[in-house]
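Welcome! Here is a short briefing to read with the model in view, starting with charged pairs and moving on to the sheet.

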Amino acid sequence: MLTVDFDRLPVGPGNRVLDLGCGAGRHAFEVLRRGADVVAFDMDAGELEGVATMFAAMDKAGEVPPEATGETVTGDALDMPFEDGSFDRVIAAEVLEHIPDDMAAMREIFRVLKPGGRAAVTVPSFLPERICWALDEAYHTAPGGHVRIYTLAELTAKLKSTGFAVGPHHHAHGLHAPYWWIKCAVGVNNDEHPLAKAYHELLVWDIMKRPAATRIAEAVLNPLIGKSVVLYVRKPA
């Protein structure tokens with residue numbers, strides 16, 4: 001399930017891409033399939049073990065173009081172990097809402113991007129996130145949880161003040177917002193609740209099959225209740 005639109009953030013052979021806070025690696029895997037060199041970066045060494053295993057499996061299955069490479073690096077988004085201007089692209093998907101000093105993380109993204117490089121920054125959208133916070137305190141008070149709710153205006157202003165030229169934005173995952181509202185209503189850790197379980201099965205079916213009906217429904221819902229907002233920015237040359 002991709003949040004970033006790779007038509008708006010083109011990657012390919014010759015690009016070096018940082019997937020910051022990569023988690024389970026969904027965007028890193030897509031970058032690798034597209035022939036770019038990708039660094040999957042995260043604080044969670046356990047997650048990165050799974051990402052490295054998948055990189056190897058993709059290569060064995062012939063899914064990785066010959067010129068592409070994938071590596072994993074453990075570290076802190078506020079002090080990344082990379083030289084200035086190391087990357088052509090940076091993806092920061094659902095990361096900044098976890099970081100108390102979010103502007104320090106933005107400055108690090110700016111630093112490691114090459115002049116003229118582009119980044120995609122995604123965070124939870126204001127309305128769906130505000131409803132989740134209202135329904136269940138545990139959703140945002142658990143260790144490592146979300147520490148803020150962004151408005152698009154706040155995110156844009158912070159990225160501009162960091163030095164980025166801000167480009168287009170869009171919303172994503174309109175079908176996923178109701179799932180999280182259900183989860184928060186029944187208990188965010190209650191995966192076995194019948195309603196939450198049924199909706200999760202629907203989402204898995206949608207991701208696997210991608211039928212036209214749900215694609216149309218999500219396109220309609222995204223601007224209204226899209227779970228994530230995605231902003232595309234550029235470091236001036």
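Arg-8 and Asp-5 join their side chains in a salt bridge, 3.3 Å from N to O; the term stands for a side-chain nitrogen of Lys or Arg within 4 Å of a carboxyl oxygen of Asp or Glu. This is a predicted model, where local features need pLDDT of at least 70, side-chain atom pairs count only at pLDDT 80 or more, and totals for chains, interfaces and linings use all residues. Residues are numbered from 1 along each chain as its sequence is written, and side-chain values use heavy atoms, leaving out hydrogens and water.

**Salt bridges**
- Arg-8 is partly exposed at 36% relative accessibility, and Asp-5 is partly exposed at 25% (buried is under 20% relative accessible area, exposed over 50%, partly exposed in between, with a 1.4 Å probe and protein chains only).
- Asp-191 and Lys-183 also meet in a salt bridge, at 2.2 Å from N to O; Lys-183 is buried at 4%, while Asp-191 is partly exposed at 44%.
- Glu-30, Arg-33, Arg-34 and Glu-63 form a linked network of salt bridges.
- The whole structure holds 16 salt bridges.

**The sheet**
- Seven strands (DSSP runs of E, at least two residues) make an open, mixed sheet in the order β3-β2-β1-β4-β5-β7-β6; strands pair if DSSP finds at least two bridges between them.
- β3 (70-74) and β6 (165-172) are the edges, each with a single partner strand, so one side of each has no neighbour in the sheet.
- β4 (residues 87-93) and β5 (residues 113-124) pair in the parallel sense over six bridges, and Val-90 stands opposite Ala-119 in β5.

Notes. Helices (H or I, at least four residues) and strands (E, at least two) are DSSP runs, numbered from the N terminus.
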